[in-house]
Amino acid sequence: MADSTSFSLHGKVVIQFGGTGLLGRALVAELAATGCTLVVASRNRASLESLADKERKAGRTVLIEETDIGSETSLSSLRDRVVEKHGRVDGIVFNAVSRPMRAMTDDLAIWRQSMETNATGFFSTVRTFGDAMARQRSGSIVNISSIYGMVGSNLSLYAGTNMTVSPDYFFHKGGMLNLTRYLGSHYGPHGVRVNVVSPGGIYNPDAPQAPEFIERYNRLTMLGRMAEAREVAGAVIFLLSDASSYITGANIPVDGGHTAK
Amino acid sequence: MKPWHSLEEKTIWVTGGAGYLGSAITTELDSQCRKVLCFDLPGRANVLVEEKQLTRTVPLALDLNDAAGLPNALAALIATHGVPDGVVHLVTASSAGKRLEQLLPEEFQRTFDLGLTPTFVLCRAIAEKMKARGSGSIVLFSSMYGVVSPDPRIYRDPMAPNPIDYGASKAAILQLSRYLAVHYGPSGVRFNCVTPGPFPNPAVQKAHPGFIADLSQKTALHRVGQNPEIIGPTLFLLTDSASFVTGHSLVVDGGWTIW
């Protein structure tokens, strides 16, 4: 039996979907450091090459696979390539997101475009890899949602800044939470666990958010600050590892107490 | 670089540390921490230390039912052993163990007096000390029966359903943990709950196979938990792996509460 006290991902094959954003890059670095074989599936290989090179120079195993999660063929081809090369898939991290919508007033075509990736692409990915892990009788799926899948937004946070919050995000991140419970039930008997990590606002050191936003946001958390991207990785690694062998269908907010109050 | 979950150099206290869940946690912490203080009923922690040949664990008896005497007892412990880096508080799993129809008001009250008030006193006393240092992690233990009600249909005669005073006090622990997380968050002290699902001990697993089958069917993983499976969730919350996680109830129930 798996060692349920071990946080180690050493020797595991993990696929991360979405690796180019602020959180994605931090997850690549932290997951690679655990000693797993990390496959990063992304629309855009070029944007990941330098990060992957850096990790490989540090002696880590990071592979990039260009993948279109809007295409089932692309996903099943990824699955076949990974299984052929590495023999198995032990975990996936679904961190892909597309944010074409900016405002309530946007055309419905933009809403549909958002759902194509964020709803359909998400479902298609977890089904393709959930089925594959069910066949091998073990695996862990970690979906990245948001506190905005759990609570609404206080719009005064954004007043006077050029930041926006768009409605599609609340729909698909909330949906992700309950679909995770469904998937937990569906795949549980086959030994596959499905969980969610819900980060709060993440500080961007390269392109900081508006100062007035940061100040207001900090007050909403009980630790008085935004998250660092790398702090989300602890929960993701825990859920991928055998240390969480009896956890399925759960949601771990990494939000500094935002949703506890 | 040390891994996220490193407990090297840390001192952790575990109350109820020699019980079924507690002993698994204490034993693992013993191999990873600088020092562990294991509290349980008189004699029990000593037996655990001896049986498992723990080398960094100090076995102690602490009367957690004496809410009035607790602050002085804790002050003495801190004077001797220092302010802990983390605390795992498991001890409050008490109830009158009676059926709802027979439960007397004073018995209901007593469950809260034993389970809840000392938890508050202990958490406040230690968090105030951690506050001065600006860091600490306290992990409380609730239960799935603090989140959902037991289904009486799986408790077949003569077994009584898990009692109401137990569930009510476990629900209170959840709110206590959120309140304390919010209160002490600005001081860098994190509070979280582990909320276990079905973890019957080996004696129950052996004596009641039908009951175990019923419990298993109510989880998505179709099985009950075994005590090593509570270690990872507890250590996650204790360590820097969870540095931005506070006020959370980490449900370890094999999916019991997802449907």
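Analyst: What follows goes through the sheet, then the helices, then the loops.

This is a predicted model, and the description below should be read with that in mind. In chain B, seven strands form an open sheet in the order β3-β2-β1-β4-β5-β6-β7, and their pairing is parallel. At the edges stand β3 (57-61) and β7 (249-252) of chain B, each of which pairs on one side only, and from one strand to the next the twist averages 15°. In general, the strands of a sheet pair through backbone hydrogen bonds, either parallel or antiparallel. One pairing in this sheet can be followed residue by residue: strand β5 (residues 136-141) of chain B runs parallel to strand β6 (residues 189-196) of chain B, and six bridges join the two. Within that pairing, I138(B) has F191(B), in β6(B), as its bridge partner.

Two helices can now be placed against these strands. Helix α1 (residues 20-32) of chain B lies across β1 (11-15), β2 (35-40), β3, β4 (86-89) and β6 of chain B, and its direction makes an angle of about 165° with β1(B). Helix α2 (residues 44-51) of chain B lies across β2 and β3 of chain B, running at about 160° to β3(B).

The loop between α2 and β3 of chain B holds Q53(B), whose phi is near 50°, a positive value in a residue other than glycine. Because Q53(B) has 9 C-beta neighbours inside 10 Å, and 12 or fewer is the cut-off for exposure, Q53(B) counts as exposed.

Another positive phi, near 60°, belongs to H222(B), again a residue other than glycine, and H222(B) is placed in the loop between α8 (209-217) and α9 (231-238) of chain B. With 15 C-beta neighbours inside 10 Å, H222(B) counts as partly exposed.

The loop between β5 and α6 (164-184) of chain B contains P158(B), and the peptide bond that leads from D157(B) to P158(B) is cis, with omega near 10°.

Notes
Residues are numbered from 1 along each chain as its sequence is written. Chains are lettered from A and ligands numbered from 1 in the order in which they are written. This is a predicted model: local features need pLDDT of at least 70, side-chain atom pairs count only at pLDDT 80 or more; totals for chains, interfaces and linings use all residues. Two strands pair if DSSP finds at least two bridges between them. Helices (H or I, at least four residues) and strands (E, at least two) are DSSP runs, numbered from the N terminus. Axes are lines fitted to C-alpha atoms, for helices over the stretch in contact, and angles run from 0 to 180 degrees between N-to-C directions. Two residues are in contact if their C-beta atoms, placed from the backbone, lie within 7 Å. A residue is buried if 20 or more other C-beta atoms lie within 10 Å of its own, exposed if 12 or fewer, and partly exposed in between; C-beta atoms are placed from the backbone.
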